[in-house]
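Q: I have a structure open and would like to go through a few of its parts. Can we start?

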Amino acid sequence: MEDFDVIWKKVVNTLRLEITDDTYKLWLEPAQATGIEDEKLLVKLPNIFFVRWLQEHYTERVNNILKEMGKELEVSFYTDKKEPKAPSPEPFSKPIPETSFLNSNFNSKYTFENFVVGQSNHFAHAASLAVAKNPGAAYNPLFLYGGVGLGKTHLLNAIGIEIKKKFPDLNVIYVTSEKFTNDLIEFLKNSRISEFRIKYRTVDVLLIDDIQFIANKEMIQEEFFHTFNTLYDRRKQIVVSSDSSPKDLGYLEERLKSRFQWGVVADIQPPDLETRVAILKKKCEAEKINLPEEILFFIASNIKSNIRTMEGAMLSITAYASLTQTKITTEIAKDFLKNIISDEEIEREVSLDDIENIVCKHFNLTKADLKGKKRTESIAFPRQIAMYLGRVITKHSTTEIGNFFGGRDHATVMYACNKIKNRITKDPYFAALVNKMIKQVKEGE
Ligand code: ADP
Ligand code: MG
């Protein structure tokens, strides 16, 4: 009988022609044939993760090769390393879905088909679609940012789902940065850091959600930095989402911030009314809900900044209607919204004083500066921002705004507003800054 070692080497040599060098080094080099028992070729691996991986990806192929070689054998991958956690009587039988390394855990509702495109998310959507069509190509990394409930997670999932559909063999992982963090800690605790690295550095597509949560966590950033570099060097696709632009990501290492800007940065703004209504309609279709158009319109007009809240309101109203068997009128919807919209959604009246405070704080100016006569850029520019804010988030007229900020006329205010608006459309970072100030003013910080 031929030596088991020779047989395995022949198998590996055949396999080697079909896979990349990286894959060979990673998965097959550490594998060792140790014997033949009951018509099984025993192949020993460093740990359970290798066993799962090779079982899933190579069992069939190896068995075929053995057959082609005329051997009455089947491969059996095993390890003598016990699984550190939760030992079970048959640890290798099948991966447990929740902890499976291969499970990408997509939310099947978050597809491109279910995503409504409007002006507010147009670019983010287009970039996501481009990535899904051609991962690892031009748009790498893709960095998506925007406020809570505006569709970042939805887009990340849509990218993952689409890629899996088009390229089923690609290894696509979706994780939140929290999950990434917990994973790293868990693997470290069990001295399995190399497995962690295998898990994250061998993917074809890494979709990492809410990266802002690794701010302030040096060790996690360090690990993520290397993960990023490895994937990037191998031309693997990376998609990152965050609540703010790379530049505004507080306690994040500069080298990471700069890498996030190597590819494409796309922001998602709160959708306009039309888009919000379209989103509600789409949701109604998906959930087979029947609400009159005017109610959808009413909900969309009243909840502006968070789509999740808006959808929640619609679902609650629907549930109420079906429970009480009433026909929903705008009056009922109005009453209802009062109860479910959280305080943050009920818009506080914003005053010009609020704006003045935030702008002064932001640019380190005094109120006298802001309202004064000086027209140097370092004062005039913040003043223009303040006027713009007055225009978009208060009900004051341009004349009132002009008066408030140092007795300026209507034309000056209009000029300022146009200038700022222009810059917002051209410069996403500036747009993010203005958004942040709007948020601060509204929250009365
Ligand atoms: P984020 O991750 O930015 O906080 P999510 O992706 O979780 O937001 O979106 C919140 C909810 O709003 C989800 O149910 C999502 O499907 C929905 N949503 C957001 N944007 C859109 C859109 N453009 N079209 C359809 N649904 C959307
Ligand atoms: Mg999210």
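This is a predicted model: local features need pLDDT of at least 70, side-chain atom pairs count only at pLDDT 80 or more; totals for chains, interfaces and linings use all residues.

Q: Where is Asp183 placed?
A: Asp183 is in helix 6.

Q: And what is Asp183 in contact with, leaving aside neighbours within four places in sequence?
A: Asp183 is in contact with Phe196, Lys199 and Tyr200.

Q: Which residues form a nonpolar patch with Leu188?
A: Ile185 and Met219 form the patch with Leu188 on the surface. Together the three have about 240 Å² of accessible area.

Q: New topic. How many residues does helix 1 have?
A: Helix 1 has 13 residues, 4-16. From first C-alpha to last, helix 1 reaches 18 Å, close to the 18 Å expected at 1.5 Å a residue.

Q: Which residues are buried in helix 1?
A: Ile7, Trp8, Val11, Val12 and Leu15 are buried there. Seen down the axis of helix 1, the buried residues fall within an arc of 135°, so they line one face.

Q: Why would residues three or four places apart point the same way?
A: An α-helix has 3.6 residues a turn, so residues at that spacing point the same way.

Q: Last one: where is Val413?
A: Val413 is in helix 18, residues 410-426. Val413 is buried, with a relative accessible area of 0%. Beyond its neighbours within four places in sequence, Val413 is in contact with Met387, Thr398, Ile401 and Gly402.

Key:
Residues are numbered from 1 along each chain as its sequence is written. Chains are lettered from A and ligands numbered from 1 in the order in which they are written. Side-chain values use heavy atoms; hydrogens and water are left out. Patches are made of residues with over 30% relative accessible area and no salt bridge: like charges are joined within 9 Å, nonpolar side chains (Val, Leu, Ile, Met, Phe, Trp, Tyr) within 5 Å. Accessible areas come from the Shrake-Rupley method with a 1.4 Å probe; for residues, only the protein chains shown count as cover. A salt bridge is a side-chain nitrogen of Lys or Arg within 4 Å of a carboxyl oxygen of Asp or Glu. Helices (H or I, at least four residues) and strands (E, at least two) are DSSP runs, numbered from the N terminus. Contact means heavy atoms within 4.5 Å. The expected span of a helix is 1.5 Å times one less than its number of residues. Buried means under 20% relative accessible area, exposed over 50%, partly exposed in between (1.4 Å probe, protein chains only). The arc is that of the directions from the helix axis to the C-beta atoms.
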